[in-house]
Amino acid sequence: MTLFRTYSYARTWRTPRPYQVNKPNFAFVRLRSRALSTTVTQQLPTSTARLKNFIIGTVSIVLGVTFLEYYFDSRAAIHKYFITPVLRTATDAETSHKLAIWVAKWGFCAKDRLADDEKLAVRAWGKNLSNPVGLAAGFDKHGEAIDSLFDLGFGYVEIGSVTPEPQPGNPQPRMFRLHDDKAVINRYGFNSVGHKGVELRLRDRLRRYLYHSAKLHPKITASLLASSPDGASLSDALGINRSLKDDKLLGINLGKNKSSDLESVDDYVKGVKSLGPYADVLVVNVSSPNTPGLRGLQRKDIFEKLLNEVTIARNSLSGPHPALLVKIAPDLSDDELDDIADAAMKSGVDGIIVSNTTISRPNSLYSDSSLVSETGGLSGPPVKPLALRALRKIYQRTNGELTLVGCGGISDAKDALEYARAGATLVQLYTSLAYDGVGKAREIKDGILSELKDKKWTDIVGEQWKN
């Protein structure tokens, strides 16, 4: 009985029951066959498909490279007629400003790819510049995008204003566009990362330059790279400008903290000592309207003391001394301008920047009255008549013995030439760059060359006084 049961179990295990037989699922087989057929077709494209993919890929690469070449040329119309207007429409003034600095800081900014014509060459403060067009302080306040700004074609770039201690400046909103006048009102109030923050950036920039240029400069040795001298020692040892650019100069604009004593000049003396070693030009800013009491430093007695103190501090620096300039307001009376010119001549400063923004609101303004009434300094074309008046007065009072920098409302080559004929060796712009885009420096330089014809820039400096 036991044997029979065992045999029965064996037969049951060996012989499948009817319901255990696997019948083929013909519908599933057909679907799988189609999927495999599709997969094989995709993996093995025809010669026509391969040619199509090759053409699309090649065209995409060519178009991409062409667009990049176009974008990174500052003369490209896309900057003036598309990118800049879109930014003005899509963002407020300060956001647009910050975005522009970010783009320039990370090297995404266009470049002026043309060499400067010899007719534009000028000599100032014992140094040669390839062109007289400069960028005014206020755009790159913290020294974040110096190299990119030089790449736009400026012969002189001024960073700042920089205050001794960090400060946030005035509350937002603090910058307003007057579109109809192509002007701007700002009340930033010397927002700054402070001397130490800017000094660290300048030192780091110099270090990067040394390491990248080690093969080009035989004077760059391992011991020099390993040492930690200040900026003046490093750049001066190589016989190069502190801008680290041939025929271009770097200016640093010095400001004053709000918390400092109103009549104290110590903040400027500190600036000369901390940042002087990194600058070709130092600018003492006593004319911003956005720091309470600052313009009071333009009073004759305080102004003379200020210039004497900063001149002594500048002369105490080791190595070649940076040029020392003072930046004044366009709103001064004739008597005040005379006092400033006399004090500048007496103190031994190297030049005057005429001028800063104005606190006045000229009747020529077209823009909405609600914006015009905003507190702050007005820049752009409405400032030009005021700045030109002050420039002519200073030039006459100094008999052309000081190097003057014209600033305020320069929008095209004719404006630049008008400043030059009034006595400006160099000119600076800012607001027109914000309205017209990164090609502004090249546009003005080309316009100057067209207007000069057979003359040179230096031939027309002070021309209106030579007749």
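Biologist: Why does Cys109 count as buried?

Modeller: Cys109 has 10% relative accessibility, and buried means under 20% relative accessible area, with over 50% being exposed and partly exposed lying in between (1.4 Å probe, protein chains only); therefore Cys109 counts as buried. This is a predicted model, in which local features need pLDDT of at least 70, side-chain atom pairs count only at pLDDT 80 or more, and totals for chains, interfaces and linings use all residues. Residues are numbered from 1 along each chain as its sequence is written, and side-chain values use heavy atoms, with hydrogens and water left out.

Biologist: Why is Cys407 called buried?

Modeller: The relative accessibility of Cys407 is 9%, so Cys407 counts as buried by that cut-off.

Biologist: How many disulfides does the rule give?

Modeller: A disulfide is a pair of cysteine sulfur atoms within 2.5 Å, and by this rule the count is 0.

Biologist: Why is Val59 called partly exposed?

Modeller: Val59 has a relative accessible area of 42%, which lies between the limits of 20% and 50%, so the middle class applies. Val59 is found in helix 3 (residues 47-71); helices (H or I, at least four residues) are DSSP runs, numbered from the N terminus.

Biologist: What makes helix 10 mostly covered?

Modeller: In helix 10 (residues 266-275), 7 of the 10 residues are buried, among them Asp267, Tyr268 and Val269.

Biologist: What share of the protein chain is buried?

Modeller: Buried residues make up 49% of its 467 residues.

Conventions
Helices (H or I, at least four residues) and strands (E, at least two) are DSSP runs, numbered from the N terminus.
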